[in-house]
Amino acid sequence: MMVIGLTGKACAGKDLYAQVFARYGCAVVDVDRLGHQALEQSRDEIESNFGTSVIKEGVVDRKALGALVFTDPEKLKILESITHPKMVNACKALIRKARGEGKKAIILNAALLKRMQLEQLCDSVIYIYAPVWLRYVRCRKRE
């Protein structure tokens, strides 16, 4: 079974390509979704590192947390040190599961593939490119 990393900038079209792979019988891992799960699994640790302002009704407020970490590289490193290991472990478990199910390939759809060192798990990496103007238009539609 092949492990294929699918990466690129935001709104480049990674999800569209992942859907194509899925139609051909490949398992697809949306690493962003794993990140959302890792945030919830780490709620207490996130609260102790970033304060109660990032917790709303017992749940991590991703927008509030993002406002903190995307303006401070040190805080971003702290968040990544909390969530990335959980996400990598989840990817490893999903790769094992896909192998056990006899899948042709598994696609790791991850914008931060290299930063998370997930490329080390991959047999191949596909970089999806789209010009900045197109990514901007797509992002505006999405947001």
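How do the axes of helix α4 and helix α5 cross? Please bear in mind that this is a predicted model. Helix α4 covers residues 62-69 and helix α5 covers residues 73-100; their axes come within 7 Å, with a crossing angle of roughly 130°. Helix α4 is therefore oblique to helix α5.

Let us turn to the residues that form this contact. Sorted by class, the contact of α4 with α5 comprises 6 nonpolar residues, 1 charged residue and no polar ones.

I shall now take one of these residues by itself. L68, located in helix α4, has a relative accessible area of 25%, so it is classed as partly exposed. Apart from neighbours within four places in sequence, L68 is in contact with F50, V54 and K75. As for its position relative to A110, L68 lies 42 residues away in sequence, and the C-alpha to C-alpha separation is 22 Å.

My second residue is N109. Is N109 buried or exposed? N109 belongs to strand β5, which spans residues 105-109. Its relative accessible area is 6%, and because buried means under 20%, N109 counts as buried. Which residues is N109 in contact with, leaving aside its neighbours within four places in sequence? They are L6, K14, D15 and A18, together with V29, D30, V31 and D32.

Thank you for your attention.

How values were computed: Residues numbered from 1 in each chain as written. Predicted model: local features only at pLDDT ≥ 70, side-chain atom pairs only at ≥ 80, totals over all residues. Heavy atoms only, no water. Axes fitted to C-alpha atoms, helices over the stretch in contact; angles between N-to-C directions. Helix = DSSP H or I, 4+ residues; strand = E, 2+ residues; numbered from the N terminus. Parallel < 35°, antiparallel > 145°, perpendicular 65-115°, else oblique. Nonpolar A, V, L, I, M, F, W, Y, C, P; charged D, E, K, R; others polar. Buried < 20%, exposed > 50% of the residue type's maximum accessible area, 1.4 Å probe, protein only. Contact = heavy atoms within 4.5 Å.
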